[in-house]
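Here is a short report for a reader who is new to this structure. Look at the model first, then read on.

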Amino acid sequence: MARVAHQTKKMKAEKSENPSEKPTAQTEIAPAKKAALSEDFASELNEPHWSVITFDTIAASGLTYDEAFENLKKLEAEKVSGLCIVTDEAAKRIAD
């Protein structure tokens, strides 16, 4: 038992001596596949399947996300409340 405690103290001392040492493969977190994710995400935002909804109705649908955002800003300026951007599919379910 004393031997284990001694080894643990020795390992802690070694770690504190080399604070600038890079993490090992066991402690390093692998990077996500950012390129693939960002391409999928960007292409989905460019597809015309976004709607702007209010509390009461679907204000616009069949838009790209950028178009929906511009529409939302225009409606906000007109003091329309309850605005949200959702997919066309979700807007249809809300309207039913």
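Start with one pair of residues. Val 52 stands opposite Ala 60 in strand S2. Helices (H or I, at least four residues) and strands (E, at least two) are DSSP runs, numbered from the N terminus. Two strands pair if DSSP finds at least two bridges between them.

Helix H4 (residues 88–95) packs on the sheet and touches S1, S2 and S3. Contact here means heavy atoms within 4.5 Å. The direction of H4 makes about 105° with that of S3. Axes are lines fitted to C-alpha atoms, for helices over the stretch in contact, and angles run from 0 to 180 degrees between N-to-C directions.

## The model and its layout

This is a predicted model: local features need pLDDT of at least 70, side-chain atom pairs count only at pLDDT 80 or more, and totals for chains, interfaces and linings use all residues. Residues are numbered from 1 along each chain as its sequence is written, and side-chain values use heavy atoms, with hydrogens and water left out.

The protein has four helices and three strands. From the N terminus on, its elements run α-α-β-β-α-β-α. Of its 96 residues, 18% count as buried. Buried means under 20% relative accessible area, exposed over 50%, and partly exposed in between (1.4 Å probe, protein chains only). Take the contacts between residues at least 6 apart in sequence: 45% of them join residues at least 24 apart.

## The sheet

The three strands form an open sheet in the order S2-S1-S3, with antiparallel pairing. Strand S2 (58–63) and strand S3 (84–87) stand at the edges, each with a single partner strand, so one side of each is left without a neighbour in the sheet. Neighbouring strands are turned by 25° against each other on average, direction ignored.

How many bridges join S1 to S2? Three bridges link strand S1 (residues 50–53) to S2, and the two run antiparallel. A hairpin joins S1 to S2 through four residues. On the other pairing, four bridges join S1 to S3, again antiparallel. Both faces of S1 are covered. Trp 50 and Val 52 on one side and Ser 51 and Ile 53 on the other are all buried.

## Trp 50 and its partners

Trp 50 counts as buried, at 10% relative accessibility. It stands opposite Leu 63 in S2. In S3, the bridge partner of Trp 50 is Thr 87.

The protein has one aromatic pair. Rings of Phe, Tyr and Trp (its six-membered ring) pair if their centres lie within 6.5 Å; planes under 30 degrees apart count as stacked, over 60 as edge-to-face and the rest as tilted. The rings of Trp 50 and Tyr 65 have centres 5.1 Å apart and planes at 90°, so the pair is edge-to-face. Trp 50 lies in strand S1 and Tyr 65 in helix H3 (residues 65–77), so the pair ties together parts that are 15 residues apart in sequence. Tyr 65 is partly exposed, with a relative accessible area of 29%.

## Helix H3

H3 has 13 residues, which should span 18 Å at 1.5 Å a residue. The expected span is 1.5 Å times one less than the number of residues. The end C-alpha atoms of H3 are 18 Å apart, which agrees.

Which residues of H3 are buried? They are Ala 68, Asn 71, Leu 72 and Leu 75. Seen down the axis of H3, its buried residues fall within an arc of 105°, so they line one face of the helix. The arc is that of the directions from the helix axis to the C-beta atoms. These buried residues pack against S1, S2 and S3. The face of H3 turned away from its buried side carries the exposed residues Asp 66 and Ala 77. Just after H3, Lys 79 takes a positive phi of about 65°.

Lys 92 is found in helix H4. It counts as exposed, at 56% relative accessibility. The C-alpha atoms of Lys 92 and Ser 61 are separated by 9.6 Å, with the two residues 31 apart along the chain.

Asn 46 is found in helix H2 (residues 34–46). Asn 46 is exposed, with a relative accessible area of 51%. Asn 46 and Asp 66 are 20 residues apart in sequence and 7.6 Å apart in space, C-alpha to C-alpha.
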